[in-house]
Amino acid sequence: SSDRVVRVIVGHRPFRPSGFVVRREAHGAKTVIHNYGHGGGGISLAWGSSALAVQQTHGLLPDHAAVAGGGIMGLTTARLLQDAGWQVTIYTRDMLRHTTSNVGGGQWAPTSVFEEDAATPAFLAQFRAAARISHHAYQNLGPGYGVRFIENYYLGEAPLEAPWYLRELPELFTSVAELRPDQHPFPVPWVRRVVSMIVEPAVFLRRMRDDFLRAGGRFEIRDFRDRDHLLAVAEPVIFNCTGLGAKALFDDTELEPAKGQLVFLPPDPAVDFITVGGGSGVSYMFPRSGEIVLGGSFQRGDWSRHAEPEVTDRILADHQALFAAFD
């Protein structure tokens with residue numbers, strides 16, 4: 001109910017219809033390696049996409065590297081570079097608590113990453129590789145990094161086609177089943193159960209920051225005005241993990257924001273599952289150790305940073321209807 005709302009926040013997913021960019025480029029004496037544009041799948045794909053980006057250093061001797069961007073993509077890239085012997089500085093405009101990554105939902109489901117009719121076969125192969133690498137990496141981290149397995153319930157008025165990642169990567173999901181009405185408590189006629197992971201961003205990002213610092217990394221607060229400003233850093237190799245910032249820095253006209261609004265409620269230990277769907281919009285509910293997160297918006301092209309009361313009301317109404325029959 002509205003009187004239980006703790007806060008409402010807004011974040012912007014960096015979305016590209018043709019999918020995220022992992023690519024190496026030469027800019028004079030500098031080598032730039034891009035790793036951005038993951039839409040709603042940044043947390044899910046972070047380890048894998050960053051591993052593919054670090055592979056782009058093939059032929060370069062480990063030296064000093066700059067990572068532009070202090071969100072989850074920048075942190076995972078930096079840690080993998082450190083493991084490969086590089087000295088790394090993360091240049092970031094915002095520290096962790098102010099990044100888009102910190103307001104992500106955290107369900108391990110690389111969704112809203114691309115449009116199927118816009119993605120090339122080469123990108124889809126890249127996507128599969130990133131998803132498999134990332135899934136394996138998160139399994140190795142476990143609860144100390146805010147990672148655990150959880151049941152997901154996809155809800156609808158009629159059977160829905162499985163999302164691309166579930167069709168193409170079935171080995172990454174377990175306990176997949178379509179449930180009869182007598183097998184679930186939800187007030188909808190169709191339910192698909194899937195078991196996957198959830199990543200709690202606040203826990204994960206803090207642990208990653210600490211690991212990065214312990215390995216000798218350093219942060220520098222820097223808001224890059226333009227590409228020349230970025231290329232002026234001392235390091236010869238630069239990883240572009242700036243998310244939406246890449247639109248201006250590297251003239252990526254395809255990149256656009258997908259605004260999302262989250263409603264936070266106090267935690268409830270009895271809620272140990274995720275729901276997706278079952279409402280009038282893109283509704284979802286994620287339980288965390290410190291809060292329950294309700295979401296339900298994917299507003300492409302919307303750069304506004306204010307929370308919209310009507311979106312909050314819709315998200316609450318969808319979930320009120322969904323859980324009204326629960327004891």
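Predicted model: local features only at pLDDT ≥ 70, side-chain atom pairs only at ≥ 80, totals over all residues.
Residues are numbered from 1 along each chain as its sequence is written, and side-chain values use heavy atoms, with hydrogens and water left out. Local features need pLDDT of at least 70 and side-chain atom pairs count only at pLDDT 80 or more, while totals for chains, interfaces and linings use all residues.

Start with the helices (DSSP runs of H or I, at least four residues). Helix α1 (residues 42-55) packs against helix α3 (residues 121-141) at an angle of about 110°, and their axes (lines fitted to C-alpha atoms over the stretch in contact) sit 7 Å apart. The two are therefore roughly perpendicular (65 to 115 degrees). On the α1 side, the contact (heavy atoms within 4.5 Å) includes I43, L45, W47 and L52, and on the α3 side F127, I133, Y138 and L141 are among the residues involved. By class, the contact has 14 nonpolar residues, five polar and no charged; here Ala, Val, Leu, Ile, Met, Phe, Trp, Tyr, Cys and Pro count as nonpolar, Asp, Glu, Lys and Arg as charged, and the others, Gly among them, as polar.

Now for the pocket. Lining residues are those with an atom within 4 Å of a point on a 1 Å grid. The lining of the second largest pocket comprises 20 residues, and D268, V271, I292, H319 and F323 are the closest to its centre. Helix α8 (309-323) and β14 (292-295; strands are E runs of at least two) each supply at least two of the lining residues. The largest share, four residues, comes from α8. Sorted by class, this lining has 14 nonpolar, three polar and three charged residues.

How values were computed. Axes fitted to C-alpha atoms, helices over the stretch in contact; angles between N-to-C directions. Parallel < 35°, antiparallel > 145°, perpendicular 65-115°, else oblique. 1 Å grid on protein atoms, 1.4 Å probe; cavity = no way out; pocket = protein on both sides within 12 Å on 5 of 7 lines; lining within 4 Å.
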